[in-house]
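These are my notes from a first look through one structure. I went residue by residue and helix by helix.

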Amino acid sequence: MFKQWKNVDVKKELFGGLTSFFAISYVIIVNSMILAEAGLPPELSVFGTIFISVIGCLLIGLLGDVPIILTTGMGVNSFVTYNLVKDMQMSWQEALAISFMASLICLIVAVTPIIDKMNESIPESLKHGITSGIGLFLVLVGLENGQIIVRGEETFMELNHFTDPNMLLTIGALILTLFLFLKNVQGSFFIGIIVMTIIANLLGLVDVGQNSFSLSAIKDYPEIVGKLDFSSLFSIKFLLGTFSLSMILIFESVGLLNGLLPWISKERFKKTSIINAGVMMLSSILGTSPTIPAAESSTGIQEGAKRGLSSVVAGILFFISIFMIPFLSYIPSSALAPVIIITGCLMMSNLQHINLADFSEWFAPFLMMVMMGFSMSISSGLAFGFVAYPLVKIFAGKRKELTPTVCLISILFLCYLVAKVWI
């Protein structure tokens with residue numbers, strides 16, 4: 001089974017897996033807290049989050065052989081909780097049924113030539129815009145998690161006060177991590193996380209009392225497994241919810257895979273997409289929100305991870321986290337923020353590949369990027385970018401540069417934006 005990794009740099013893959021895991025480890029607790037607002041018991045859904053992450057990472061690593069973390073998507077879980085359950089007044093069981101149906105649509109797309117046609121038809125400028133947009137998204141996530149920027153009273157964000165110890169800790173962590181990274185120290189991200197975690201705990205800046213978890217609750221976990229409710233399958237709200245969620249899952253996954261793995265071959269892209277969709281379907285059965293390729297996977301890729309071994313390492317760590325969740329609570333956001341910020345900056349370097357001399361070529365990627373960052377939604381950024389692209393091409397008299405597939409994708413995203421009005 002492991003012959004495929006005979007000539008792999010094990011050290012880089014190990015550090016890549018460690019770094020990716022710690023960068024995304026917050027999802028274990030945060031995902032459960034978000035789904036708790038939908039009615040799912042957090043002490044039970046936490047097992048679903050861990051189990052699907054273990055399965056996703058092992059499958060994508062062993063079968064797909066790519067350095068990707070498959071875990072529950074943070075924007076997707078918010079859609080499930082706030083759109084499907086709170087806004088549309090659905091039960092969490094119905095929401096999981098919608099997740100299953102949307103994932104099934106993703107799987108159908110992945111196993112047919114549709115996925116190849118979509119991927120081939122996306123203009124290079126938009127692909128670079130997707131990567132840069134995810135980068136800006138990560139930078140803002142890191143700045144906010146590290147409390148360098150906070151929600152403003154008169155603006156949507158503002159610089160935090162320098163008297164905030166968490167902000168100062170993040171700045172210190174950023175300086176240390178940048179120094180290690182620019183000195184090409186192997187495992188610079190991971191070392192930065194560990195060093196700043198120790199410092200934060202010694203200074204008493206970590207509050208671990210807010211996250212309680214009991215391994216004994218696993219005996220009750222079957223209460224949320226396989227509880228999908230299809231009773232409203234043919235209702236308008238079920239169909240709208242399924243359409244919107246499938247749009248998010250398909251294009252966010254395609255966008256993330258393109259952004260994280262720009263070098264991947266057509267065959268591996270298709271294989272990775274099929275594995276991704278299959279894990280999505282399983283996530284709803286296990287009682288949690290759909291999985292997507294985590295943007296934080298890029299932290300491990302920047303550490304040098306190139307193969308699926310790093311994903312397997314992350315999968316093993318997710319499994320171990322069942323017994324180590326109380327210890328994960330000791331890792332402050334300030335220690336993780338610099339890794340996310342630097343990774344986002346590196347991804348934004350893709351802007352150099354966009355032809356800035358042609359406004360019709362770079363406006364849509366630019367709009368995509370800023371919408372991803374400032375709406376804090378990758379799917380919304382994708383929608384605005386794809387809708388804008390054919391418009392500016394038509395207005396610029398360059399209609400011949402448009403393909404039928406791009407126009408169809410744009411129409412679907414327009415339908416998605418319209419559907420958001422109804423949900």
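I started with Lys-393 and found it in helix H16; helices (H or I, at least four residues) and strands (E, at least two) are DSSP runs, numbered from the N terminus. I am reading a predicted model, in which local features need pLDDT of at least 70 and side-chain atom pairs count only at pLDDT 80 or more, while totals for chains, interfaces and linings use all residues. Residues are numbered from 1 along each chain as its sequence is written, and side-chain values use heavy atoms, with hydrogens and water left out.

Is Lys-393 buried or exposed? Lys-393 has 0% relative accessibility and counts as buried (buried is under 20% relative accessible area, exposed over 50%, partly exposed in between, with a 1.4 Å probe and protein chains only). I listed its contacts (heavy atoms within 4.5 Å), leaving aside neighbours within four places in sequence: Asp-358, Ser-360, Glu-361, Lys-398, Arg-399, Glu-401 and Leu-402.

Next I looked at how H16 (residues 378-395) packs with H10. Two packed helices are described by the angle between their axes and the distance between the axes. Here the angle is about 90° and the axes are 9 Å apart. Axes are lines fitted to C-alpha atoms, for helices over the stretch in contact, and angles run from 0 to 180 degrees between N-to-C directions. H10 and H16 are therefore roughly perpendicular (65 to 115 degrees; under 35 is roughly parallel, over 145 roughly antiparallel, the rest oblique). H10 contributes Ile-248, Phe-251, Glu-252 and Leu-256 to the contact, and H16 contributes Ile-378, Ser-379 and Leu-382. I sorted these residues into five nonpolar, one polar and one charged (Ala, Val, Leu, Ile, Met, Phe, Trp, Tyr, Cys and Pro are nonpolar, Asp, Glu, Lys and Arg charged, the others, Gly among them, polar).

I then turned to H14, residues 333-347. Its 15 residues should span 21 Å at 1.5 Å a residue, and its end C-alpha atoms are 21 Å apart, which agrees; the expected span is 1.5 Å times one less than the number of residues. Twelve of the 15 residues are buried, so H14 is largely enclosed by the rest of the structure. The buried residues of H14 pack against several helices, among them H1 (10-24), H9 (188-202) and H12 (297-302).

In helix H12 I looked up Thr-299. Thr-299 is buried, with a relative accessible area of 1%. A polar atom of its side chain lies 2.6 Å from the backbone oxygen of Glu-296. Apart from neighbours within four places in sequence, Thr-299 is in contact with Thr-19, Ser-20, Ala-23, Phe-189, Val-339 and Thr-343; Val-339 and Thr-343 are among the buried residues of H14.

H7 came next. 19 of its 22 residues are buried, so H7 is largely enclosed by the rest of the structure. His-128 is in H7 and counts as buried at 16% relative accessibility. Not counting residues up to four places away in sequence, His-128 touches Asn-350, His-353 and Ile-354.

Last, I noted two loop residues. Gln-147 is in the loop between H7 and strand S2 (149-150), has a positive phi near 60° and is partly exposed at 29% relative accessibility. Gln-89 lies between H4 (74-87) and H5 (92-111), has a positive phi of about 60° although it is not a glycine, and is exposed at 61%.

Notes:
A polar contact is a pair of N or O atoms within 3.5 Å; within protein, one must be able to donate a hydrogen and the other to accept it, and residues adjacent in sequence count only if both atoms are side-chain atoms.
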